[in-house]
Amino acid sequence: MSTIVKKGEWVQVHNIVLKPEERTGRIPEETKKVPLELWVKGFLNEDAVIGDIVEVTTITGRKASGTLVDVNPVYTHGFGDVFVPELLQVGLQVKRILKGEEK
Amino acid sequence: MAKDISYDSVNARSNEIIKDAIGVDYTSYESGNIAFDYEKMMSATGYSLEEVTKINRETGVGNTPLIELRNITALARKLSPEGKGARIFVKDEQCNPSGSFKDRRAALSVYQAQKMGYKGVVAATSGNYGAAVASQAAMRNLKCIIVQECYDSRKVGQPEILEKQRKCENLGAEVIQLTVGPELHYTFLRVLEDTGYFNASLYSFFAIGGTETLGYELANQCKETLGRFPDYVIATQAGGGNLTGTARGMIKAGATDTKIYGAAVDLKGLHMASDTDFNRKSFTTGHTGFAVPYATDPDHSDVPRSAARTMRYMDEFLIVKQGEVFYMTEVLASIEGMERGPAGNTSLTAAFALARELDEDQIIVVQETEYTGAGKMPQPQLSFARENGIDVLFGDPEDDVPGKNIILPAHPTMIKARYFDMEKLRKSYIKNSVKHVNATWADEKDIEFLIAETKSNREFVIETLKSLNIEIK
């Protein structure tokens, strides 16, 4: 069952700008095989469900349409999903060099 | 009648759209052949450097501190022969409102847009420039749209770019996110045409004119605090605006003897428009994938003639490796207490290697830092690299293979500044400038233009033109 996304909610919509066959010739093969895709966020203009073609009003007041793909999209980047312990060694090494403990 | 919005039609209207969106007709700078009047174009801002400085200050841009990196200098001296180890300084550009020198590059465009009555500004950028335009637009009560190359076809984005997107949104901008590919320009043109907003291009004379304040300030700060101009200034090189603006400002301050070096990370083998290489890059800018094509072919940006002309000003081009930059970023944090980067740390890495070759009394200035944090620091960058199958290990950076591994130097003496072949760059530039206008001949005006553009001499220019079968008139 699809949940109704209410008018006025902050959402993300998706569009295909260029299909693979419409892409420019001056790009690598692997890029030519995939479409040029676009995402933009805005306030939903009418109730809808995920997957519907909808219209949104962006933060600048522009109207944009596309497939509804996300509601209240979150920022997913941070400080990495795995810790890289090698980095700890750098500071220790240069401090040893400065103190004359390592050449 | 509704305009044809097909890919070919919009691209065919490109010149007209850009003209409306920047308020300047670039054809007035053209000679009809290879040469164009660069200085006339640069003066089209209509503002003196003093006025530009004043405009920048209105929105809190500039006047950033010049900081001596005493511990990094001491480290370089520990690892150098007696008497070697130049003093390294950094211009702490993260102190600008949005956290990078890009505020200087945005300030004048946004000021101009407001003055000319545009309702908003648009910029095509995946870098700090987006946040800079958004920040300036916020201060000047203009709307802002940033068009960003952001994801691969799996909708996976480089954490650094995702952070820049977040920052633009937090500063009130609308961010249009795209997958990899140069056709971003089509979306960009459509947005300009639909909104009627100003094109806050990274490559316009407004952008480079604004950046001149960086070099001017830097030169004067050195003069005031150290009694003389620096011997070397190193700028991280990508589109070339950073180096060009800085060099022009240095010259305006009278620092004509200072050597201007560019620095970039070696990303040889990775294609910039490749969907699969996109997330195998641990550097989103300041790398050879942008630096070389923009230096040798500046006029392929979002304006008809780029104001960022690296080859006019760059004395040497230093190449560093990925792992070396991550290493130096950690060094900056651990012994200087400064979390910065990544961008400025490419030139810091080159500066560290260069310092070891130079005498102790020499002065090197790394001309920028940028704000850092989530997505941008070595932890998230190397974590992301590992998740994308890149090996991260200690070893000899010479064994670095972009897209396959990142080698942190086992010892700081392994950090090297590799001199790129400038003659090759100059020849390539001349070839591209000939191709740009499909020239078959060159006259005195073209030759003089190319001498200035390549910072070379008549003999070299004529010889290169002849090798391209160009008739000398």
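Biologist: Which residue does B:I234 stand opposite in β8(B)?

Modeller: In this predicted model, B:I234 stands opposite B:Y261 in β8(B).

Biologist: What is the order of the strands in the open sheet of chain B?

Modeller: The open sheet of seven strands reads β1-β2-β10-β7-β8-β9-β13 (chain B), and its pairing is mixed. β1 (66-68) and β13 (418-419) of chain B stand at the edges with a single partner strand each, so one side of each is left without a neighbour in the sheet.

Biologist: What radius of gyration does chain A have, and what would a compact globule of 103 residues have?

Modeller: Chain A has a radius of gyration of 23 Å, whereas a compact globule of 103 residues would have one near 13 Å. Along the principal axes, the C-alpha trace of chain A spans about 70 × 40 × 30 Å. The secondary structure of chain A comes to two helices and four strands, which follow the pattern β-α-β-β-β-α when read along the sequence.

Biologist: How many residues of chain A are in contact with chain B?

Modeller: As a general idea, the size of an interface is often given as the accessible area lost when the parts come together. Here the description is by residue contacts instead, and 37 residues of chain A are in contact with 50 residues of chain B. On the side of chain A that touches chain B, β1 (10-18), α1 (29-32), β2 (36-44) and α2 (86-99) of chain A each supply at least two residues, and the largest share, eight residues, comes from α2(A). By class, the residues on that side of chain A divide into 19 nonpolar, nine polar and nine charged.

Biologist: How many bridges join β2(A) to strand β5 of chain B?

Modeller: Two bridges join β2(A) to strand β5 (residues 174-179) of chain B, and the two strands run antiparallel. The bridge partner of A:L38 in β5(B) is B:L178.

Biologist: At what angle do the axes of helix α4 and helix α10 of chain B cross?

Modeller: Crossing angles are read by range, with 65 to 115 degrees counted as roughly perpendicular and angles under 35 degrees as roughly parallel. The axes of helix α4 (residues 49-58) and helix α10 (residues 205-226) of chain B come within 9 Å and cross at roughly 95°, which means that α4(B) is roughly perpendicular to α10(B). In this contact, B:L49, B:V52, B:T53 and B:N56 of α4(B) meet B:G209, B:G210, B:E212, B:T213 and B:Y216 of α10(B), and these residues divide into three nonpolar, five polar and one charged.

Biologist: At what angle do helix α7 and helix α8 of chain B pack?

Modeller: Helix α7 (residues 128-139) and helix α8 (residues 159-170) of chain B pack at an angle of about 5°, with their axes 8 Å apart, and that makes α7(B) roughly parallel to α8(B). The contact is made by B:N128, B:G130, B:A131 and B:A134 of α7(B) together with B:K164, B:K167 and B:C168 of α8(B), a group of three nonpolar, two polar and two charged residues.

Biologist: Into which domains is chain B divided?

Modeller: Chain B is divided into domain 1 (44-55 + 100-203), domain 2 (61-98 + 206-419) and domain 3 (422-472). The centres of domain 2 and domain 3 of chain B, taken over C-alpha atoms, are separated by 29 Å, and ten residues of domain 2 are in contact with eleven residues of domain 3. On the side of domain 2 that touches domain 3, α13(B) gives the most, with three residues, and the classes there are four nonpolar, one polar and five charged residues.

Biologist: Which peptide bond is cis, and which residue has a positive phi although it is not a glycine?

Modeller: Most residues other than glycine have a negative phi, and most peptide bonds are trans. The peptide bond from B:G341 to B:P342 is cis, with omega near 20°, and B:P342 is found in the loop between α14 (322-336) and α15 (343-355) of chain B. B:N438 has a positive phi of about 50° although it is not a glycine, and B:N438 lies in the loop between α17 (422-436) and β14 (441-442) of chain B.

Terms used
Residues are numbered from 1 along each chain as its sequence is written. Chains are lettered from A and ligands numbered from 1 in the order in which they are written. This is a predicted model: local features need pLDDT of at least 70, side-chain atom pairs count only at pLDDT 80 or more; totals for chains, interfaces and linings use all residues. Axes are lines fitted to C-alpha atoms, for helices over the stretch in contact, and angles run from 0 to 180 degrees between N-to-C directions. Angles under 35 degrees count as roughly parallel, over 145 as roughly antiparallel, 65 to 115 as roughly perpendicular and the rest as oblique. Two residues are in contact if their C-beta atoms, placed from the backbone, lie within 7 Å. Ala, Val, Leu, Ile, Met, Phe, Trp, Tyr, Cys and Pro count as nonpolar, Asp, Glu, Lys and Arg as charged, and the others, Gly among them, as polar. Two strands pair if DSSP finds at least two bridges between them. Domain bounds come from an automatic or database domain assignment. The radius of gyration is taken over C-alpha atoms; the globule rule is 2.2 Å times the number of residues to the power 0.38.
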